[in-house]
Amino acid sequence: MAAERAAMQGRVGLVPTMGSLHEGHLSLVRRARAECDRVVVSVFVNPAQFGPQEDFAAYPRDLDRDLRLLEAEGVDVVFAPPPEEIYPPGFDEWVEVSGPLTSTLEGAFRPGHLRGVTTVVARLFRIVRPQRAYFGEKDAQQLRVVRRMVEEQGLPVEVIGLPTVREPDGLAMSSRNAYLSPEERQAALVVPGALALARRMVEEEGVRDAAAIRCAVEELIRNEPRARIDYIAVAGYETLAELTVVDRPALLLLAMRIGATRLIDNAMLVPAGAEPPAALRERTERRRTA
Ligand code: AMP
């Protein structure tokens with residue numbers, strides 16, 4: 001990778017993934033391909049971001065298929081290192097963002113997860129030295145934590161967040177969807193249903209009370225007997241600090257388990273009169289000019 005990188009000229013874009021690629025990943029790759037001279041995709045199931053009781057061993061892996069898909073997208077280099085190359089024996093260079101951005105939500109339910117993410121992303125950034133790196137809004141907290149890490153470490157990378165790609169019925173694409181049985185796949189539709197309910201409350205009914213939104217979402221999810229809620233949060237769009245009043249752009253963030261599969265998703269909530277976040281404005285512009 002180092003030799004390949006040394007020979008690259010112009011703007012280098014990196015798309016970090018854990019493989020088992022789907023259209024969500026490919027949307028990041030396509031944006032990178034459109035904006036960068038060279039595109040690197042990393043495929044690395046990062047042991048450091050899985051808890052001891054989590055699905056590291058079972059996580060779906062299919063490098064041959066991933067390589068075919070990435071070749072068809074015109075990717076220049078796929079970096080798929082063995083774990084010991086990222087974590088040599090005696091590795092002790094953890095990169096961690098501290099404070100409320102990492103202690104809540106995923107940070108509270110998956111101890112060590114976000115530290116595993118920032119550590120591997122920092123390491124990939126130092127190896128690949130991209131000018132731009134592409135992440136999905138699907139993992140909203142991860143995206144914000146990576147942005148903070150880049151600031152704190154002073155890394156010369158522009159972090160780009162892109163919208164969640166969904167199945168036609170609204171379920172966010174995820175490598176973990178492969179775990180769902182047909183019955184669980186049907187039950188998982190409670191996730192997009194909950195997001196749509198929150199959006200309707202804020203954007204059509206003018207509800208501002210965050211507790212009322214959380215309660216309505218919780219009630220909806222409780223009607224699905226296969227779903228177990230980890231958290232439902234209404235939080236500021238950038239800070240992810242919990243809101244009591246939705247008087248600015250916000251996110252509804254959800255994490256739940258359906259059977260043994262953990263699903264996370266989120267939706268932007270923009271109350272009438274509030275300035276939409278820059279990311280959304282840019283998206284609307286893009287659609288208008290397309
Ligand atoms: P993962 O392979 O799950 O670690 O994801 C790699 C990157 O793809 C992360 O930046 C994710 O946020 C992003 N991603 C995953 N699922 C989606 C999706 N449905 N839409 C857009 N981006 C996604």
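Predicted model: local features only at pLDDT ≥ 70, side-chain atom pairs only at ≥ 80, totals over all residues.
User: How many residues surround the ligand, and which are the closest?

Analyst: The closest residues to the ligand are Met18, His25, Asp139, Val165 and Met173. By class, the shell around the ligand divides into 8 nonpolar, 7 polar and 2 charged residues. The number of residues that surround the ligand is 17.

User: Which element gives the largest share of the shell around the ligand?

Analyst: Two or more residues of the shell come from each of strand S1 (12-17), helix H2 (23-35) and strand S4 (132-136). The largest share is 3 residues, and the element that supplies it is H2.

User: How far apart in sequence are the parts that Arg132 and Glu35 tie together?

Analyst: Side chains of opposite charge can pair when their charged atoms come close. Arg132 forms a salt bridge with Glu35, with the closest N and O atoms 2.9 Å apart. Arg132 lies in strand S4 and Glu35 in helix H2, so the parts that this pair ties together are separated in sequence by 97 residues.

User: Is Arg132 buried or exposed?

Analyst: A residue counts as buried under 20% relative accessible area. Arg132 has 15% relative accessibility, and therefore it counts as buried.

User: Which residue forms a salt bridge with Asp55?

Analyst: Asp55 stands in the loop between strand S2 (38-43) and helix H3 (63-72), while its partner is in the loop between strand S5 (158-162) and helix H9 (182-187), 121 residues apart. Both members of the pair are buried. The closest N and O atoms are 2.8 Å apart, and the partner is Arg176.

User: What is the relative accessibility of Arg248, which forms a salt bridge with Asp247?

Analyst: In this salt bridge the closest N and O atoms are 2.9 Å apart. Asp247 is partly exposed, with a relative accessible area of 45%. Arg248 also counts as partly exposed, at a relative accessibility of 42%.

User: How far apart are the C-alpha atoms of Ile264 and Ala172?

Analyst: Ile264 is found in strand S8 (residues 261-269) and is buried, with a relative accessible area of 18%. Leaving aside neighbours within four places in sequence, the contacts of Ile264 include Asp139 and Tyr231. Ile264 and Ala172 are 92 residues apart along the chain, and their C-alpha atoms are separated by 8.7 Å.

User: With which side chain does that of Asp265 make a polar contact of 2.9 Å?

Analyst: Asp265 is found in strand S8 and is buried, with a relative accessible area of 4%. Not counting residues up to four places away in sequence, the residues that Asp265 touches include Ala172, Val191 and Leu195. The polar contact of 2.9 Å joins the side chain of Asp265 to that of Arg166.

How values were computed
Residues numbered from 1 in each chain as written. Heavy atoms only, no water. Near = heavy atom within 4 Å. Helix = DSSP H or I, 4+ residues; strand = E, 2+ residues; numbered from the N terminus. Nonpolar A, V, L, I, M, F, W, Y, C, P; charged D, E, K, R; others polar. Salt bridge = Lys/Arg side-chain N within 4 Å of Asp/Glu carboxyl O. Buried < 20%, exposed > 50% of the residue type's maximum accessible area, 1.4 Å probe, protein only. Contact = heavy atoms within 4.5 Å. Polar contact = N/O pair within 3.5 Å; in protein donor to acceptor, adjacent residues only side chain to side chain.
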